[in-house]
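Opening the notebook on this one.

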Amino acid sequence: PLNIHFGKRNGNLTDAEIDFLATHSRLIALEKGHGADVHGSTEAGVADTARRLKQRNPKVKVLFYLNAFINWPGYESFRTYRPEWTLRDTKGKEVMKTGTVLRPDPSNADFREWWSDVVAAEMKRGPIDGVFVDALPQALTPALAKTIGAEKAKAVVAGLREMIALTKRKIGADKVL
């Protein structure tokens with residue numbers, strides 16, 4: 001089996017690319033930024049590509065990508081993201097993945113609700129078969145515990161577990177997580 005995980009940000013997939021994907025893989029995860037330049041957001045780009053893939057091969061499974069612990073840009077859903085859901089260090093400073101990309105705080109119940117709602121909405125927007133949840137192991141790094149404190153680090157891990165379970169309940173047993 002060949003599983004494909006990728007994103008094409010700067011243009012629609014060509015018919016030849018759709019044909020290749022639909023005939024070479026039964027599981028395709030569409031990455032952050034996929035189709036965002038053409039469709040205005042990752043969500044719209046993924047939904048469009050999923051429709052095209054399913055038209056070519058209804059059996060292909062298409063996964064939406066949403067990082068659980070990094071707020072990568074390009075998602076329209078981030079318009080409703082609240083600053084108070086951002087992870088902070090022991091001194092109250094925002095925790096960043098990169099110089100411009102924030103980390104959310106999965107120990108926050110409102111964030112978990114929002115995140116799982118975003119995923120559930122994408123299952124309805126297009127013919128999406130599930131979600132690829134990324135960056136979970138990053139919550140277990142000793143460097144993070146040092147930055148946010150041991151108790152907060154435990155709360156983040158517990159929050160991620162709760163968020164995954166909540167998401168599964170919302171998307172249903174027939175969807176991949």
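This is a predicted model: local features need pLDDT of at least 70, side-chain atom pairs count only at pLDDT 80 or more; totals for chains, interfaces and linings use all residues.

**Entry 1: where H4 meets H6**

I started with the residues that touch: Phe111, Arg112, Glu113, Trp115, Ser116, Asp117, Val119, Ala120 and Met123 on the H4 side meet Gly159, Glu162, Met163, Leu166, Thr167, Lys170 and Ile171 on the H6 side. Sorted by class, this contact has eight nonpolar, three polar and five charged residues.

Next I looked up the geometry. H4 covers residues 109–125 and H6 covers residues 150–171; they pack at about 35 degrees, with axes 9 Å apart. I noted the crossing of H4 and H6 as right-handed.

**Entry 2: H6 by itself**

Then I listed what is buried in H6: Ala153, Val156, Val157, Gly159, Leu160, Met163, Ile164, Leu166, Thr167 and Ile171. What do these buried residues pack against? I found H4, strand S4 (130–134) and helix H5 (142–148). Gly159, Met163, Leu166, Thr167 and Ile171 are on this buried list, and they also turn up in the contact with H4.

I also checked what follows the helix. Just after H6, Gly172 has a positive phi of about 95 degrees.

**Entry 3: Glu31**

Where is Glu31? I located it in the loop between strand S2 (27–30) and helix H2 (36–39). Is Glu31 buried or exposed? Its relative accessibility is 15%, and the cut-off for buried is under 20%, so I put Glu31 down as buried.

I looked for side-chain partners of Glu31 and noted two. A polar contact of 2.8 Å links its side chain to that of His5, and another, of 3.0 Å, links it to the side chain of Lys32. Setting aside neighbours within four places in sequence, I have Glu31 in contact with His5, Phe6, Gly7, Thr42 and Tyr65.

**Entry 4: H1 and H3**

Last pair for today. The axes of H1 (residues 15–24) and H3 (residues 42–56) come within 9 Å and cross at roughly 65 degrees. This crossing of H1 and H3 is right-handed.

Which residues meet here? From H1 I wrote down Asp15, Ile18, Asp19, Leu21, Ala22 and Thr23, and from H3 Thr49, Arg52, Leu53 and Arg56. By class, I have four nonpolar, two polar and four charged residues in the contact of H1 with H3.

Terms used
Residues are numbered from 1 along each chain as its sequence is written. Side-chain values use heavy atoms; hydrogens and water are left out. Axes are lines fitted to C-alpha atoms, for helices over the stretch in contact, and angles run from 0 to 180 degrees between N-to-C directions. Helices (H or I, at least four residues) and strands (E, at least two) are DSSP runs, numbered from the N terminus. A crossing is left-handed if the near helix is turned anticlockwise from the far one by less than a right angle, and right-handed if clockwise. Contact means heavy atoms within 4.5 Å. Ala, Val, Leu, Ile, Met, Phe, Trp, Tyr, Cys and Pro count as nonpolar, Asp, Glu, Lys and Arg as charged, and the others, Gly among them, as polar. Buried means under 20% relative accessible area, exposed over 50%, partly exposed in between (1.4 Å probe, protein chains only). A polar contact is a pair of N or O atoms within 3.5 Å; within protein, one must be able to donate a hydrogen and the other to accept it, and residues adjacent in sequence count only if both atoms are side-chain atoms.
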